[in-house]
Protein chains: 4
Amino acid sequence: MSDERPIRVTVWNENRVERTDAAVRAVYPDGMHETIAGAIREHLGERAEVRTATLDEPRHGLDDAVLETTDVLTWWGHLFHDDVADDVASAVQQRVLDGMGLVVLHSGHLSKPFKRLMGTSCNLRWREADDRELVWTVSPAHPVARGVPPVFAIERQEMYGEFFDVPPPDELVFVSSFTGGEVFRSGCCFLRGKGRIVFFSPGHEHFPVYHHAHVRRVVANAVLWSRVEQPSPVETWTCVESPRGWFEERA
Amino acid sequence: MSDERPIRVTVWNENRVERTDAAVRAVYPDGMHETIAGAIREHLGERAEVRTATLDEPRHGLDDAVLETTDVLTWWGHLFHDDVADDVASAVQQRVLDGMGLVVLHSGHLSKPFKRLMGTSCNLRWREADDRELVWTVSPAHPVARGVPPVFAIERQEMYGEFFDVPPPDELVFVSSFTGGEVFRSGCCFLRGKGRIVFFSPGHEHFPVYHHAHVRRVVANAVLWSRVEQPSPVETWTCVESPRGWFEERA
Amino acid sequence: MSDERPIRVTVWNENRVERTDAAVRAVYPDGMHETIAGAIREHLGERAEVRTATLDEPRHGLDDAVLETTDVLTWWGHLFHDDVADDVASAVQQRVLDGMGLVVLHSGHLSKPFKRLMGTSCNLRWREADDRELVWTVSPAHPVARGVPPVFAIERQEMYGEFFDVPPPDELVFVSSFTGGEVFRSGCCFLRGKGRIVFFSPGHEHFPVYHHAHVRRVVANAVLWSRVEQPSPVETWTCVESPRGWFEERA
Amino acid sequence: MSDERPIRVTVWNENRVERTDAAVRAVYPDGMHETIAGAIREHLGERAEVRTATLDEPRHGLDDAVLETTDVLTWWGHLFHDDVADDVASAVQQRVLDGMGLVVLHSGHLSKPFKRLMGTSCNLRWREADDRELVWTVSPAHPVARGVPPVFAIERQEMYGEFFDVPPPDELVFVSSFTGGEVFRSGCCFLRGKGRIVFFSPGHEHFPVYHHAHVRRVVANAVLWSRVEQPSPVETWTCVESPRGWFEERA
């Protein structure tokens with residue numbers, strides 16, 4: 001029953017602003033995807049095989065062969081959501097419903113795959129500021145909160161506030177407050193089809209959020225939690241026609 | 001605080017099979033929409049103003065003026081989901097996020113508005129049979145279960161079974177069993193944006209399910225529950241930019 | 001189906017500190033119960049019949065005759081939880097499971113009925129301070145949030161913060177922030193047995209919180225939401241022995 | 001981050017009927033606890049250290065030293081719930097709130113620890129019969145359903161049916177049907193305090209349910225899921241007084 005096969009993680013990033021904005025590059029010289037990948041490698045070690053994919057690769061680095069060999073996909077996007085091809089967004093959505101984990105980070109809340117999976121606008125209140133975010137654990141028994149203190153501070157952060165227009169999370173792990181008095185459900189888990197989704201809001205291209213020790217731990221926790229070790233043989237692709245009742249089927 | 005304004009209900013139906021299939025017409029001579037509308041009128045009386053809309057009307061009877069004056073929309077569709085225009089489906093989705101109630105009946109589980117709001121395939125196991133469905137209440141404190149016995153039987157029914165690929169319901173009200181041994185989460189409630197959604201699975205065009213006393217009561221209960229009396233002023237359309245913190249905004 | 005019978009509300013209060021502390025009496029000259037009862041009467045008018053009960057009455061004013069004729073009980077207690085007799089606490093718990101609504105206010109989080117119904121410690125982080133609480137709506141489709149703005153401030157308030165050791169709420173309506181940066185799930189709904197429970201945290205004996213317009217509205221909303229109009233005939237008292245299967249029972 | 005320490009599991013059983021009833025002994029010659037322990041050892045191997053404890057041992061085999069070194073406790077009880085000392089039941093409840101996993105099996109639904117943790121009657125409908133139970137997965141992304149088919153049959157089983165008076169499960173994994181047409185939420189997960197609870201209903205002393213391959217797998221899955229690898233430092237024992245705000249505390 002133990003699962004020796006490493007978790008195959010693909011870290012996706014737009015990787016544009018890092019190339020055009022020196023201030024961002026100063027914080028993430030190899031692109032945010034490398035910093036995020038490093039956080040996962042740091043905490044999961046040999047339990048994970050981590051690769052990256054970016055927007056400007058063919059099919060955004062997410063062709064069928066990549067998706068089919070990805071157990072957990074992490075997603076960071078911001079200014080270029082519309083440049084993601086609809087069929088790639090659909091393929092990601094379908095892979096989640098088929099059992100892939102998805103970890104959506106920060107401004108990924110408006111990405112095509114996340115919006116399609118949520119069915120809502122995924123809008124929120126925001127302020128591009130230099131706020132202190134406090135991240136509070138509201139579900140201490142949750143694996144995504146493992147190893148972090150009851151509250152931790154991110155000294156410099158953009159503000160994301162309520163109302164956050166997502167479905168009520170199936171599991172709510174973190175709630176944040178900001179200097180301006182705003183609150184935000186910053187760690188949300190969703191089950192969809194055979195897949196598992198985490199939205200974790202901390203993260204901004206101008207601030208070194210993905211270098212923050214507790215944030216790195218949470219990202220790694222989210223990868224572990226969202227991994228479906230052995231997708232269920234339950235059928236979700238099409239209506240299953242069951243011409244005779246269950247009892248007769250067996251006969 | 002009491003809300004004297006009646007609930008404005010629009011009952012939507014494909015209304016095609018009733019015109020082409022004499023067996024269906026025998027059960028629903030005026031179309032299923034009239035039978036469903038009658039159930040709502042029977043139970044809500046002056047508390048509801050009920051009108052109908054059907055697929056073959058212009059914009060399927062759901063132009064902006066209709067949607068904007070609809071508090072709760074009920075939806076029955078089956079064979080012609082694809083004939084619903086994408087922009088009408090989008091408008092219905094948006095109206096729900098803005099505070100309209102939506103009651104999705106039976107084969108409406110594969111309708112465009114419901115699938116977009118759920119983000120999943122909405123597929124299920126089914127068997128076109130002549131099964132007895134038993135509907136069990138699993139949430140006795142829920143308004144949608146008001147006035148029905150702990151279990152009731154629908155003598156002739158198509159089988160809908162698990163796995164039903166929807167998000168975990170925010171509130172689960174009914175679970176059904178079928179002659180073949182299958183089970184189904186037959187009464188599911190969802191909150192999305194400012195809107196409220198009920199999925200209630202009983203109902204089939206060849207069987208007189210919408211003439212069943214308890215089914216009629218549940219449909220009326222669902223209309224009451226899904227009505228948002230006074231949509232919140234919370235903003236869900238676009239990211240709300242909050243240029244200064246909450247405290248400063250007030251100053 | 002419309003329910004013309006008024007909601008029978010009993011507002012419970014310790015009513016001790018009002019008699020011993022002049023500062024509290026200055027804010028609530030007739031006791032907090034009268035102020036809370038007034039909020040319900042203000043918003044529900046003829047839809048509610050409101051009476052009060054207090055700790056130092058025989059059986060704390062909650063004998064069987066009172067409980068059996070109470071549709072919704074509101075509860076404010078703080079320093080004298082231990083003075084509530086165990087059998088009264090048990091009777092309240094049982095009445096909730098049988099279909100009574102319960103609205104637990106502020107420091108009532110440590111009351112015997114609430115702790116028994118939750119099964120957890122119900123502890124939290126607190127600071128007796130003079131904080132500004134901001135109450136944010138995170139479920140705009142929820143009836144308990146009806147008629148209040150997306151955020152409102154309570155200028156002077158004690159701090160209640162996470163971790164709040166209750167079960168994950170079945171419905172989360174409000175999240176608050178405090179001057180100190182803390183957050184709190186301040187509006188929580190629970191379904192238990194045939195009953196419905198709201199916990200709403202604002203309220204303090206030294207501050208005029210129950211005179212606050214939005215707080216008063218929420219208390220009235222909570223009464224409406226927690227009222228079970230027609231308790232289900234589902235059996236919850238004892239294991240129901242069903243000597244023959246459902247099908248045979250009917251025969 | 002990988003957790004090499006084995007899960008310390010204690011399998012609790014009344015172990016009385018096995019000694020007095022030859023029919024039960026024929027099915028479970030070493031007591032049900034040994035069969036259940038064997039299922040866990042079979043699936044978890046070196047990942048688990050399994051010991052047993054029974055009702056007639058001093059303190060029912062659950063003294064403080066045992067509880068403090070138990071990561072996950074499984075519980076099977078039926079006729080002798082009242083013989084469990086109140087202080088042991090309280091200690092179990094507290095250990096769950098402090099981060100122990102609890103797997104409650106079958107008739108354990110009326111055990112003292114489970115009832116206290118739920119806050120409801122935990123009653124249900126039942127029929128001591130020789131029914132076929134079908135267990136359907138309704139949450140295919142859930143680790144407790146890992147490795148089992150979409151539906152499996154238990155050929156001989158007592159009937160447990162709705163309404164099952166527990167709080168709405170935080171995660172619903174399985175729904176069962178029975179020959180008599182009844183349904184039951186047979187796999188329910190709850191988060192309480194820092195602990196995690198699974199209720200799994202299959203299991204009966206006269207039938208070889210714990211020899212069933214899929215049941216054994218689910219019990220092992222439940223142990224894995226309910227184990228909290230590193231309990232959060234969040235405080236749940238008493239109200240945490242925070243004399244100064246969070247910001248000041250740090251200064």
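This is a chat about how the chains of a predicted model meet, and about a few of its residues.

Reader: Before we start, what kind of model is this, and how are things numbered?
Author: It's a predicted model, so local features need pLDDT of at least 70 and side-chain atom pairs count only at pLDDT 80 or more, while totals for chains, interfaces and linings use all residues. Residues are numbered from 1 along each chain as its sequence is written, chains are lettered from A and ligands numbered from 1 in the order in which they are written, and side-chain values use heavy atoms, with hydrogens and water left out.

Reader: OK, chains A and B. What rotation superposes one on the other?
Author: A rotation of 180° with 0.0 Å of shift along its axis puts chain A on chain B, with an RMSD of 0.0 Å.

Reader: Which C-alpha of chain A is nearest the axis?
Author: That of Gly119(A), 2.5 Å from the axis.

Reader: And how many residues does the A–B contact take?
Author: It takes 43 residues from chain A and 43 residues from chain B, where contact means heavy atoms within 4.5 Å. Also, 100% of the interface residues of chain A are interface residues in chain B too, so the copies meet through the same surface.

Reader: What area is buried there?
Author: About 3100 Å² between chain A and chain B, with carbon and sulfur atoms giving 57%. Buried area here is the accessible area (1.4 Å probe) that two parts lose on being put together, summed over both. In chain A, Trp126(A), Phe163(A) and Cys239(A) lose the most area to chain B, together 17% of what that side buries.

Reader: How many salt bridges and polar contacts are there between A and B?
Author: For salt bridges (a side-chain nitrogen of Lys or Arg within 4 Å of a carboxyl oxygen of Asp or Glu), the count between chain A and chain B is 0. For polar contacts, it is 11 residue pairs, both residues at pLDDT 80 or more. A polar contact is a pair of N or O atoms within 3.5 Å; within protein, one must be able to donate a hydrogen and the other to accept it, and residues adjacent in sequence count only if both atoms are side-chain atoms.

Reader: Which classes of residue are on A's side?
Author: The side of chain A that touches chain B has 18 nonpolar, 14 polar and 11 charged residues. Ala, Val, Leu, Ile, Met, Phe, Trp, Tyr, Cys and Pro count as nonpolar, Asp, Glu, Lys and Arg as charged, and the others, Gly among them, as polar.

Reader: Switching to chain D. What rotation takes A onto D?
Author: A rotation of 180°, with 0.0 Å of shift along its axis and an RMSD of 0.0 Å. In chain A, the C-alpha of Asp170(A) is nearest that axis, at 4.0 Å. Of the contact residues of chain A, 100% recur in chain D, and the same surface serves both copies.

Reader: How much do A and D bury?
Author: About 3400 Å², 60% of it on carbon and sulfur atoms. The contact takes 41 residues from each of chain A and chain D.

Reader: How many salt bridges there?
Author: The rule finds 2 across the interface of chain A and chain D. One of them pairs Glu229(A) with Arg146(D), with the closest N and O atoms 3.6 Å apart. There are also 4 residue pairs in polar contact, both at pLDDT 80 or more. By class, the side of chain A that touches chain D has 19 nonpolar, 11 polar and 11 charged residues.

Reader: Is Ser139(D) buried or exposed?
Author: Buried, with a relative accessible area of 8%. Buried means under 20% relative accessible area, exposed over 50%, and partly exposed in between (1.4 Å probe, protein chains only). Leaving aside neighbours within four places in sequence, Ser139(D) is in contact with Leu191(A), Phe163(B), Ala145(D), Leu172(D) and Val173(D).

Reader: What about the backbone at Phe163(A)?
Author: The peptide bond from Glu162(A) to Phe163(A) is cis, with omega near 10°. In chain D, a cis peptide bond likewise joins Glu162(D) and Phe163(D), with omega about 10°. Most residues other than glycine have a negative phi, and most peptide bonds are trans.

Reader: Which phi does His106(A) have?
Author: A positive one, near 50°, in a residue other than glycine. His106(A) is buried at 1% relative accessibility.

Terms used
Least-squares fit on C-alpha atoms with pLDDT ≥ 70 in both.
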